[in-house]
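Visitor: I am new to this structure. Please show it to me, and then I will ask about the words used for it.

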Amino acid sequence: MSDKKFIEQAIQLAKQNIDAGGRPFGAVVVKNDKVIATGVNQMLELSDPTAHAELLALREAGRILGNVKLNDCVVYASGQPCPMCLAAMRMSGITRIVYAYSNDDAEAYGLSTASIASILREEPQNQPGLDFIQLKPDEQQMPLLYQYWVNCESTSSKSS
């Protein structure tokens, strides 16, 4: 299939979601020209602010492929991915994203995430409206959590 076919599928999912009372977003995860997973925005239905179409499709793709790394996959989305979805795609190894409608297209409908993306370019401690505080435990009483993880990983791999 071509990019056009997959993006049309993402748009069709978004339309079906609108018809079902949901928000206008659909996503398709493709590997080797085969649809692995799909998702639609379910924020309202699930009362979950993270239930974006792309995230739900990534979760399903990871489950189906049995891997958190989706390096060989492409995401097709009806709308330009928000910063949260974009971060998840980067963290999962996605290197190609195709979307139909931009933040500029979404702006008039109150669906653009461009302002959030702009704010997120600032250092965490400079985020307007967000108190961002680091509070580390006493290292004498609580060793670094990441070192604890490494120690547990090496112990479990030795017992395997």
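Guide: What follows is a set of questions and answers on a predicted model.

Visitor: Where is H52 placed?

Guide: H52 sits in the loop that runs between α2 (43-46) and α3 (53-65).

Visitor: Why is H52 called buried?

Guide: Buried means under 20% relative accessible area. H52 has a relative accessible area of 15%, so H52 is buried.

Visitor: Which residues does H52 touch?

Guide: Leaving aside residues up to four places away in sequence, H52 touches V40, N41, M43, C82, M84 and C85.

Visitor: What makes the pair of H52 and P49 a polar contact?

Guide: The cut-off for a pair of N or O atoms is within 3.5 Å. A polar atom of the H52 side chain lies 3.3 Å from the backbone oxygen of P49.

Visitor: Why is K34 called exposed?

Guide: Exposed means over 50% relative accessible area. K34, in strand β2 (residues 34-40), has 53%, and therefore K34 is exposed.

Visitor: How far is K34 from A88?

Guide: Their C-alpha atoms are separated by 21 Å, and the two residues are 54 residues apart along the chain.

Visitor: Which residues of helix α4 are buried, and what do they pack against?

Guide: In α4 (residues 83-92) the buried residues are P83, C85, M89 and S92. These pack against α3, β3 (73-79), β4 (96-101) and α6 (114-120). C85 is also one of the residues that H52 touches.

Visitor: What comes just after α4?

Guide: G93 follows, with a positive phi of about 95°.

Definitions and conventions:
Residues are numbered from 1 along each chain as its sequence is written. This is a predicted model: local features need pLDDT of at least 70, side-chain atom pairs count only at pLDDT 80 or more; totals for chains, interfaces and linings use all residues. Side-chain values use heavy atoms; hydrogens and water are left out. Helices (H or I, at least four residues) and strands (E, at least two) are DSSP runs, numbered from the N terminus. Buried means under 20% relative accessible area, exposed over 50%, partly exposed in between (1.4 Å probe, protein chains only). A polar contact is a pair of N or O atoms within 3.5 Å; within protein, one must be able to donate a hydrogen and the other to accept it, and residues adjacent in sequence count only if both atoms are side-chain atoms. Contact means heavy atoms within 4.5 Å.
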